[in-house]
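Here is a short walk through one model. Keep the sequence and the 3D view open as you read.

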Amino acid sequence: MKKYLLEVCCGSVEDVLQAEKGGADRVELNSCLFHGGLTPSIGELITAKKLSKLPIMTMVRPRQGGFCYTNAEYQTALADAEALLANGADGLVFGFLKADGSLDAERTKELVRMAGDRTKVFHRAIDVADDWKRMLGQLIEIGVDRVLTSGLAPDVYYGIDVIREMMDFAQGAIQILPGAGVNLKNVDKIIEFTGCDQIHVARFRQYTDPSTANNRDIFYGGALYPPEDRYDVIDGDYIAAIREHL
């Protein structure tokens, strides 16, 4: 029976440990998953490497809200990438676009150069590309190893036609990793229709931390005012169910 690789999107060390418990093969480590994932702290990476045996791909994204960065933001991304690699990251996950949605090839080449023989992943910035075929061809030429994509759709299930086209276009020259909205109900169809051999999953379970209960008038977040006594951690049991299903 064919084995499918299961990558789990993580926002903390606890997420990594739950992903490993559930049978994940690889994780993508971020911070701030609410905003689509930003660069994790070095402390998170160091601790994850210490406590887990899984390969850890680390996000390099200096801010939310797009992928066309100022020079200062780009310099931050370079410094983060250097620090992540120096502290054991098994790969870098990144995406650099120009304002018109085309690939920023020079910045992409620099991250590929920095990563060397470690894995280079271009993330879902490709889902807002002005021309995904041209961009995928450029990424292959530059030497990117893998692309994480929802097939230009909000949910990968609705982007499977494009993902299948990407698989056919790539012809094995670059890995295509479907992600966004993958679950137990749709994973079979996604794999069967696209022909992919790996998937990217995120599924969380809510936990309660009572330490803020003494003053309900205090909020530490933005205008959405999320509950201050709750937090999400990867649902290891759900990951295990997908692992068993695969």
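The crossing of helices H6 and H7 is right-handed; that word applies if the near helix is turned clockwise from the far one by less than a right angle, and left-handed if anticlockwise. H6 covers residues 160–170 and H7 covers residues 187–194. Helices here are DSSP runs of H or I with at least four residues, strands are runs of E with at least two, and both are numbered from the N terminus. The two axes come within 9 Å and cross at roughly 35°. Axes are lines fitted to C-alpha atoms, for helices over the stretch in contact, and angles run from 0 to 180 degrees between N-to-C directions.

This is a predicted model: local features need pLDDT of at least 70, side-chain atom pairs count only at pLDDT 80 or more, and totals for chains, interfaces and linings use all residues. Residues are numbered from 1 along each chain as its sequence is written, and side-chain values use heavy atoms, without hydrogens and water.

Which residues meet where H6 and H7 touch? From H6 come Ile160, Asp161, Ile163, Arg164 and Met167; from H7 come Lys189, Ile190, Phe193 and Thr194. Contact means heavy atoms within 4.5 Å. These residues divide into 5 nonpolar, 1 polar and 3 charged. Ala, Val, Leu, Ile, Met, Phe, Trp, Tyr, Cys and Pro count as nonpolar, Asp, Glu, Lys and Arg as charged, and the others, Gly among them, as polar.

Now look at the loop between strand S6 (146–149) and H6, where Ser150 is found. Is Ser150 buried or exposed? Ser150 is buried, because its relative accessible area is 0%. Buried means under 20%, exposed over 50%, partly exposed in between, with a 1.4 Å probe and protein chains only. The side chain of Ser150 makes a polar contact of 2.8 Å with that of Arg124. A polar atom of the Ser150 side chain also lies 2.5 Å from the backbone oxygen of Ala153. Beyond four places in sequence, the contacts of Ser150 include Asp127, Gly179 and Ile163.

Another loop joins strand S4 (91–94) and helix H4 (105–115), and Asp104 is found there. Asp104 counts as buried, because its relative accessibility is 13%. A polar atom of its side chain lies 3.3 Å from the backbone nitrogen of Arg107. Leaving aside neighbours within four places in sequence, Asp104 is in contact with Phe96, Leu97 and Lys98.

Conventions: Polar contact = N/O pair within 3.5 Å; in protein donor to acceptor, adjacent residues only side chain to side chain.
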